[in-house]
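I opened my notebook to record what I looked up in this structure, one topic at a time. The entries follow in the order in which I made them.

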Amino acid sequence: MNAGIVNRKGNGKKSQPRITPSIKKDTVNPQDYLRYETRFSCEDCSHFDGEKVVCTIGYNPQHHLKAVQTHQYETAGNMAFCRFLEID
């Protein structure tokens with residue numbers, strides 16, 4: 001059997017599987033965003049090495065950096081929260 005994702009258009013063909021899983025983004029309430037000082041970026045996490053801009057437990061920080069998160073929120077109203085965020 002061929003590996004792949006079933007095409008939703010129903011023509012029976014399968015598309016290529018994703019190389020990497022997509023990132024889940026959570027909707028953020030605008031009142032909460034403005035009212036609370038939520039820690040949401042790699043720069044706030046104890047697993048982040050700011051000098052090398054890497055996550056010390058091996059995750060890709062590209063989508064979780066403060067500038068990217070703020071831009072994502074301002075354009076779409078959601079953020080890609082890291083599930084392993086740890087604050088000291």
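**Entry 1: the order of elements.** Reading along the sequence, I noted the pattern β-β-β-α-β-β-α-β, which comes to two helices and six strands. Helices (H or I, at least four residues) and strands (E, at least two) are DSSP runs, numbered from the N terminus.

**Entry 2: what kind of model this is.** The model is predicted, with local features needing pLDDT of at least 70 and side-chain atom pairs counting only at pLDDT 80 or more, while totals for chains, interfaces and linings use all residues. Residues are numbered from 1 along each chain as its sequence is written, and side-chain values use heavy atoms, with hydrogens and water left out.

**Entry 3: confidence.** I looked up pLDDT, the predictor's confidence in each residue, from 0 to 100, and found that the chain averages 84, with 76% of the residues scoring at least 70.

Entry 4: Of the 88 residues in the chain, 20% are buried, where buried means under 20% relative accessible area, exposed over 50%, and partly exposed in between (1.4 Å probe, protein chains only). I then turned to contacts (heavy atoms within 4.5 Å): among those between residues at least 6 apart in sequence, 49% join residues at least 24 apart.

**Entry 5: the surface.** The accessible surface of the chain comes to about 7300 Å², and 51% of this belongs to carbon and sulfur atoms; such areas come from the Shrake-Rupley method with a 1.4 Å probe, and for residues only the protein chains shown count as cover.

**Entry 6: the cysteines.** How many disulfides does a search of the whole structure find? I found zero, a disulfide being a pair of cysteine sulfur atoms within 2.5 Å. The sulfur of C42 has its closest cysteine sulfur in C82, 6.3 Å away, so this pair is too far apart for a bond. C45 is in no disulfide either, and the nearest cysteine sulfur to it, that of C82, is 6.2 Å away. Both C42, with a relative accessible area of 10%, and C45, with 12%, are buried.

**Entry 7: the loop between β5 and α2.** G58 lies in the loop between β5 and α2, and Y59 lies in the loop between β5 (54–55) and α2. Is G58 buried or exposed? G58 is exposed, at 62% relative accessible area, whereas Y59 is partly exposed, at 41%. The C-alpha atoms of G58 and H47, eleven residues apart along the chain, are separated by 9.2 Å.

**Entry 8: R83.** R83 lies in the segment after β6 (78–79) and is exposed, with a relative accessible area of 54%. Leaving aside neighbours within four places in sequence, I found R83 in contact with K24 and D26. R83 and F40 are 43 residues apart along the chain, and their C-alpha atoms are separated by 9.9 Å.

**Entry 9: a backbone angle.** V53, in the loop between β4 (48–49) and β5, has a phi near 55 degrees, a positive value in a residue other than glycine. I wrote beside this that most residues other than glycine have a negative phi. V53 counts as partly exposed, at 42% relative accessibility.
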